[in-house]
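Visitor: I would like to go through this protein and ask what stands behind the words used for it.

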Amino acid sequence: MNSAIAVVTALASGRKASQLYPPAHPAFTDAIDSLVAAATTACAHGPFTLNLHLGHLYDGSTVIPEEAPGVAAMAEALETRMVESLTLHPGFGPADAIGLVEVLGLRPSPTLDVEAELLARGVTAVNVAFLADDDERDREERDRVREQDRGLHRRLVTVVRSVSASIAESGKADTEAVGDAVDEIMHRLLDDQAAVLGLATLNSSTENGLFHAVNVMIYSLTLGAALGLPEEGLASLGVSALLHDIGKAAFDADDPSQADAMRRLHPEIGADLLSRQAGGDPSPMLVAYEHHMHVDGGGFPDRPHDYVGHPYSRMVAIANRYANLTIADPGRDAFTPDQAIQQVLREAGAALDPMFARLFAKAMGVFPVGCLVRLTDQSVGVVRGPGPDPLTPVVRVLYDADGISLDSPFETGLADSAVSIVEVVDPGSLSVVVAEHL
């Protein structure tokens, strides 16, 4: 087992050195020498095979501990290049080591042929076996889950639409179905936060208020999860966020003469409507009333100088602000997600709660889900999920280095790639609808 760990560690070090240093650099030479030495020891009694199964590396039938240096990185490197096993043969020398680490450093893509690349580099003491091509199956499963998630989003929009309609027709808020719908998306977010954040990129030109309510709820739940709220607290926060603007249902949003009154009065009207609901949780009523109150005493409605708003109200205020920033307003283009995060942080301490703002920024990341980014090789993709650190998210690559749209977009984790993000791109400049790729 010690020899297996030594090979994996040396492979990871050599791969990293090949990306950082030219071949003549001492650090690169040392890394190659270490890999050759480790392979020679491992192959002392015959070929040495490193196997990959379900994300874990094996030496024979024995799993190699993930906490050993380089093991997790090499498991991911092999899996993303569809390599099931790697066999080193006696006689493994410097040319084999250099060629192998170079190929394992190539960017994974549907067109990468690891075997051909090894052959082109004269590697003779290495054999590879490949994972079954499950791309089509994976795509079908991803599409199935994606449609389930979108169905959940549609149900949430329907719930808000129903509550709004009941207010318009009878002056009463029928919120009976809200709790179950929020519970469902809350558990989905706890299972796959990136997938649910992808839903928050959906918008509608005809029902923007309904989509806004759902998106604010998603962002609020993201903040609540980062804060470590228990499920009961998250459920209460989610219901409060989904209904934060419910007072607007008492107005005709299509009537310009009601716009100012709707903006000023919807907190008080929403709180009054929700105060009539049966049940002991006052949070939705308080959030409806307080979500436009600033932590520095500004905002509205007016209140005593020593008034302290509910924590959920301050959390929803941040989610509400972020959601509004990422949608275009008359006279203002939409902020990109990273710009919206920066603006939220600028407003911390004045309009927004500084502690929650910082936590929200950390939860969303430097490049939030939905950011369209250009990479150092000039390819362009959309941030699909977080990576091991804030600067290396998972990116779904949509355009190649020549700006050609890919027939089969693919995902790559930037932590395991030679490329990095150089800029965030305005989706409008490329006519990209981000939600279609999440």
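Guide: What follows is a conversation about terms, values and cut-offs.

Guide: This is a predicted model, in which local features need pLDDT of at least 70 and side-chain atom pairs count only at pLDDT 80 or more, while totals for chains, interfaces and linings use all residues. Residues are numbered from 1 along each chain as its sequence is written, and side-chain values use heavy atoms, with hydrogens and water left out.

Visitor: How many helices and strands does the protein have?

Guide: The protein has 15 helices and ten strands; these are DSSP runs numbered from the N terminus, a helix being H or I with at least four residues and a strand being E with at least two. Its C-alpha trace spans about 85 × 40 × 40 Å along the principal axes.

Visitor: Why is Met82 placed in its class of accessibility?

Guide: Met82 is at 27% relative accessibility, so it counts as partly exposed. Gln378, with a relative accessible area of 40%, is therefore partly exposed as well.

Visitor: What makes the phi of Met82 worth a remark?

Guide: Most residues other than glycine have a negative phi, and most peptide bonds are trans. Met82, in the loop between helix 3 and strand 4, has a positive phi of about 60 degrees although it is not a glycine. Gln378, in the loop between strand 6 (372-375) and strand 7 (380-385), has a positive phi of about 75 degrees and is not a glycine either. As for peptide bonds, the one from Phe300 to Pro301 is cis, with omega near -5 degrees, and Pro301 lies in the loop between helix 12 and helix 13.

Visitor: What makes helix 13 count as largely enclosed?

Guide: Eleven of its 15 residues are buried, and therefore helix 13 is largely enclosed by the rest of the structure. Those buried residues, among them Tyr312, Met315 and Leu325, pack against helix 9 (208-227), helix 10 (231-242), helix 12 (283-290), helix 14 (337-346) and helix 15 (354-364).

Visitor: How do you know where the buried residues of helix 2 lie around its axis?

Guide: In helix 2 (residues 26-42), the residues Phe28, Ala31, Ile32, Leu35, Val36, Ala38, Ala39 and Ala42 are buried. Seen down the axis of helix 2, they fall within an arc of 165 degrees, so they line one face of the helix; the arc is that of the directions from the helix axis to the C-beta atoms. On the other side of helix 2, Pro26 and Thr41 are exposed. The buried residues of helix 2 pack against helix 1 (2-20), strand 1 (48-53), strand 4 (83-88) and helix 4 (94-104).

Definitions and conventions:
The expected span of a helix is 1.5 Å times one less than its number of residues. Buried means under 20% relative accessible area, exposed over 50%, partly exposed in between (1.4 Å probe, protein chains only). Contact means heavy atoms within 4.5 Å.
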